[in-house]
Amino acid sequence: MRWLSQATDLPATVRGVDLFPPPVSWLPPNCILEVDDVTKEWTWQQPFDLVHMRLLDAAFTPEENEEVLYQCYRSLRPGGWVELLELTADFQSEDNSWSQDCPLKGFMPLMKSAAAKTGRPLHLYQRCAELVKSAGFLDIHEEVKKWPIGPWARDEQLKEAGSLNLEHWMVGAEGYVMYLLTKFGDPTPWSHDEVQVYLAHIRKELKDHNNHIYHRVLSLMKLFFRRLKERIDCLQSRLGWKIKLEILRPRVLIHGII
Ligand SMILES: C[S@@+](CC[C@H](N)C(=O)[O-])C[C@H]1O[C@@H](n2cnc3c(N)ncnc32)[C@H](O)[C@@H]1O
């Protein structure tokens, strides 16, 4: 929720939601933090301009994921936006700089196998577009970028992004891994100590600047076109007909009356 605490300059009320209270001691006056479960019915009364969701892979079952997106759809004001930001659940290297037996190669397969057993799979990156589309959003703006882990890239911007990502992994790895492996590790659940030893290897490899590792980050924004849908709904109820809509980006076509 760190980005939330940097929201001081936004001319808006910014609401952050998590299952757990975040470890922050100060917040800008325009920010509100709430402990809540977004898979439950949303009870906020005011419509939102933007719903931003980041790094929520393996947080939801496939059905919960769909429901969360529907709730976004219903909770945005006409013309509002949803933004999803997710990472690929794999590490990649284009120059083969990691050794054949580098422990990082087995890391994501292990995570995916454990996450699959929980019923909350690690596959949100691939599902984002489909989820948002089936919730009723239109007009996709999709951006995919490489995000290095560690400051190994020559490009200055990527180098800085890589340093931040390394920090993200150093701080976040235990949170990502401990629950999954102690409950659903392969072939049987791991002990706390086994996970700590494994994490020490993983951190060491991630910090090794000779390993040119990255993952991809997907930023997906959808313009919410409810205003149009509301007009169609209103027309339907006035005429007593059902209107079938077919959307051809970026144009909108009324396909026919059925
Ligand atoms: C990987 S963290 C990402 C946190 C934050 N979005 C960020 O990008 O820094 C995933 C967060 O989702 C929260 N979470 C998981 N399921 C949730 C739910 N059903 N409702 C609200 N928060 C949830 C977890 O508590 C955790 O803090």
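## Contacts along the chain

Among contacts in the protein between residues at least 6 apart in sequence, 65% link residues at least 24 apart; a contact here means that two C-beta atoms, placed from the backbone, lie within 7 Å. This is a predicted model, where local features need pLDDT of at least 70, side-chain atom pairs count only at pLDDT 80 or more, and totals for chains, interfaces and linings use all residues. Residues are numbered from 1 along each chain as its sequence is written.

## The overall make-up

Helices (H or I, at least four residues) and strands (E, at least two) are DSSP runs, numbered from the N terminus.

How much of the protein is buried? Of its 258 residues, 18% are buried. A residue is buried if 20 or more other C-beta atoms lie within 10 Å of its own, exposed if 12 or fewer, and partly exposed in between, with C-beta atoms placed from the backbone.

Strand β3 (residues 48-54) runs parallel to strand β4 (residues 76-87), and 6 bridges pair them; strands pair if DSSP finds at least two bridges between them. Leu50 has Trp81 in β4 as its bridge partner, and His52 stands opposite Glu83 in β4.

Together with helix α2 (residues 62-75), β3 and β4 form a right-handed β-α-β unit. Right-handed means that, with the strands pointing away from the viewer, the path from the first strand over the helix to the second runs clockwise.

## An exposed tryptophan

Now look at the loop between β2 (31-35) and β3, where you will find Trp44. Why does Trp44 count as exposed? Because Trp44 has 12 C-beta neighbours inside 10 Å. The C-alpha atoms of Trp44 and Ser75 are 8.0 Å apart, while 31 residues separate the two along the chain.

## One side of a helix

In helix α4 (residues 124-134), the residues Leu124, Tyr125, Cys128, Leu131 and Val132 are buried. They lie on the same side of α4, because they cover an arc of only 95° around the axis; the arc is that of the directions from the helix axis to the C-beta atoms. Just after α4 comes Gly136, with a positive phi of about 115°.
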